[in-house]
Amino acid sequence: MPHFLHLRALLRQSLAWLRRHPLRGGLALLLTLGLLADQLFPLPLPRNESAQVVLASDGSSLRSWPGRDGIWRHPVAIEAVSPLYLEALLGYEDRWFHYHPGVNPAALLRAALQWARHGHIISGGSTLSMQVARIIEPPGRSLGGKLRQILRALQLELHFSKREILGLYLNRAPMGGIVEGVEMASRMYLGKPSSHLSAAEAALLVVLPQAPSRLRPDRFPAQAQQARDKVLKRMAELGVWTPAAVEDARIERVGVNPLRARWVAPLAAERLRQLHAGRHAPLIRSTLDAETQSTVERLLQDRVEQLPPRVSMAVLVMETASLEVRAYAGSADFSDAQRFNHVDMVRGLRSPGSTLKPFLYAMALDEGLIHSESLLSDAPQSFAGYEPGNFQANFSGPVSVAEALQRSLNVPAVDLLDRLGPQRFAALLHNGGLPLRLPAGSEPNLSIILGGAGARLEELVGAYRALAAGGLSGQPRLTPEAPRIERRIMSEGAAFIVRDILETGGHPDRPFHEGATHRLAWKTGTSFGFRDAWAIGVSDSHTVGVWVGRPDGTPNPGFFGANIAAPLLRELIAALPAGPATPRQRPASVSTATICWPLGTALDATPAEYCPEKRTAWILAGAIPPTLPERDARPGLVETAWINPVNGLRTSPACQPSAQTREILRWPAHLEPWLSPARQSVLEWDPACRQALGVGPLRLHGIASGARLRATPGKREAELSLHASGASGRVYWLLDGALLRPASTDGNLLLRLNTPGEHRLSVVDDAGRHASAHFEFRRD
């Protein structure tokens, strides 16, 4: 209202001037009427309905969405457009753009005379300002429409600078179909940003708005090339471009792909779009590397045809140092709805299988429970009724920490978690940036180390990064402005040791080869029922995670991490730039020591007779913890025994009054069945005394009652390594009542089972003692 009051006062003053001074008053009246018209008929400026575009780190577009009006636009600043395009635009369309007030009278007069002489339009008289006016308010083809266009152009010049008007043209010029603006046209037709246009391409995009429908290069390349050549000729005539440059440009043929949306990293782009929902963000910049992303998508496309229907894959590639995500594939094929193409499995909550084991061993190192060669037991054990088995359905007996981790053995991991505490383990993971999800009302238990919880691929990748970053996990960053979030999940020394185990096997006594192109510490995982196959690896330059499975959780028998996810991980690592080799620096907290099995103590602190096996171990903070104590509260691995002086066998004073005492070394009792004769140091009992005392029950190892067995992956049978301990005399093995082999004194049996159904396995010795187990075997 104040503006209109001011204009009304100005109008009265102009009329008064008109009566006293006709010339000045007339000019003032025209000015006043123009200002009044500007207020009454404001510019119909277009709404900010720019398309949203997600960009790679180099500025190339990954995925775009049209504006609310259905038009594809890509906002661009003048500085970001090729100078060749700006030269051609101003030279061909409006050489006097920076000097006229929105209308070029000379150009209009020339166009009018040509029209009067020839009866049709020979050349247009529109300035860029008039063309912008036509874009924001199409005037029609009548004389009145042309006059309205001229007035709007003057009005534009009144409100905007030349730079702003040029910006409106660059972003709103019609380019055919639903494409507007030079940037979107360059990307859609030519597959490149407008900053990289050649002279021929610049001329093509300059002429396209003159007849967007008739000159579309994807539909009418011959007409588009003819019009383009007119622009090139004009640039040579004006001396803007040299004749040689124009001739070179004319050689380029016009031929472009049909208009279509180009989707790269579609699920990552959708995630970023959702992240910016509610904010006007026409351009969303990501950390993704266009070349790396294309490589990942190509590798997935090569593999997806080999997978059964509905099986998908997900890959995340993160730069280890910066935490910036370089490639993000949430599904195997975004065009295949049968493979749940819109389900982003980078964020999917799935069972991590054995991928958590490296963190357990790192935390046990930090707690001083183990060193890299601590003696662990891979033998059947019951943990308050929980009896885990190994993936291959057999056991190895005595193993080191390094061997247990590298072979991903289950029983040693569960044993170690039981000593560390599952709740403490889950809390340490959570504090380190890897939260585990459990069913409502559940508490962490021993099954979490074998996949009995939920985790996400992006969280696992961020956590594995700690192995190459001094124990600091990191949150993957999808945008350059995302905060750098790092958390301590293990010590620097533990990270070094665990990485070395996963990378080289953990042998400090072997030389390290610095010349390797890709030094990769990696781990696989398979969830229960073959629902999820994982492979995660970390190098100096990248941390890469792979998941394969069905997003709906349906099992895929025979799909496990080592055979389906690990090969893809190796291909990805080989395709990534390795970067300069980084010299491996051993942390000050890590050293080496020679230790003795079975005690686990340092060589220089162990009597020679108690050191039958020597091993070189990584130790942390100078701590050399002994072998973990047995669960049956036995006093230790060095105990006092009574010896029969006649035959040297073990006895007792009740059996042999002349028995003598001696300190003897023994291995953990539940490892005895897996010890070779050369390793066994436990004295045999005198048979007469054994029978008199009834020493030890007959035990069956390798299978437990109630077990449900499945065939070894890729085979139709299950392989069981069985052992009978405490037997007296010969041993008889029976399956469902049938003798498996002749009686022998060997308490070991390798059973290959290929008959599905329920079975009873029994072992009997000469003394009539027996042990048995009921179990079920299934092939599927």
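Reply: Of the 780 residues in the protein chain, 51% count as buried, that is, under 20% relative accessible area with a 1.4 Å probe, protein chains only. This is a predicted model, where local features need pLDDT of at least 70, side-chain atom pairs count only at pLDDT 80 or more, and totals for chains, interfaces and linings use all residues. Residues are numbered from 1 along each chain as its sequence is written, and side-chain values use heavy atoms, with hydrogens and water left out.

Me: How many cavities of 30 Å³ or more does a search of the whole structure find?

Reply: Rolling a probe the size of a water molecule over the atoms shows where empty space is left. A cavity is a set of points, on a 1 Å grid over the protein atoms alone, where a 1.4 Å probe fits but cannot get out. Here the search finds 2 cavities of 30 Å³ or more.

Me: Which residues line the second largest cavity?

Reply: Lining residues have an atom within 4 Å of a point. For this cavity they are T292, T295, V296, V317, L572, A575 and L576. Two elements, α13 (290-304) and α20 (561-575), each give two or more residues to the lining; helices are DSSP runs of H or I, at least four residues, numbered from the N terminus. The largest share, 3 residues, comes from α13.

Me: What classes of residue make up that lining?

Reply: There are 5 nonpolar residues, 2 polar and no charged ones. Val, Leu and Ala are among those counted as nonpolar, whereas Asp, Glu, Lys and Arg count as charged.

Methods
Buried < 20%, exposed > 50% of the residue type's maximum accessible area, 1.4 Å probe, protein only. 1 Å grid on protein atoms, 1.4 Å probe; cavity = no way out; pocket = protein on both sides within 12 Å on 5 of 7 lines; lining within 4 Å. Points joined across faces, edges and corners; volume = space filled by probe spheres on them.
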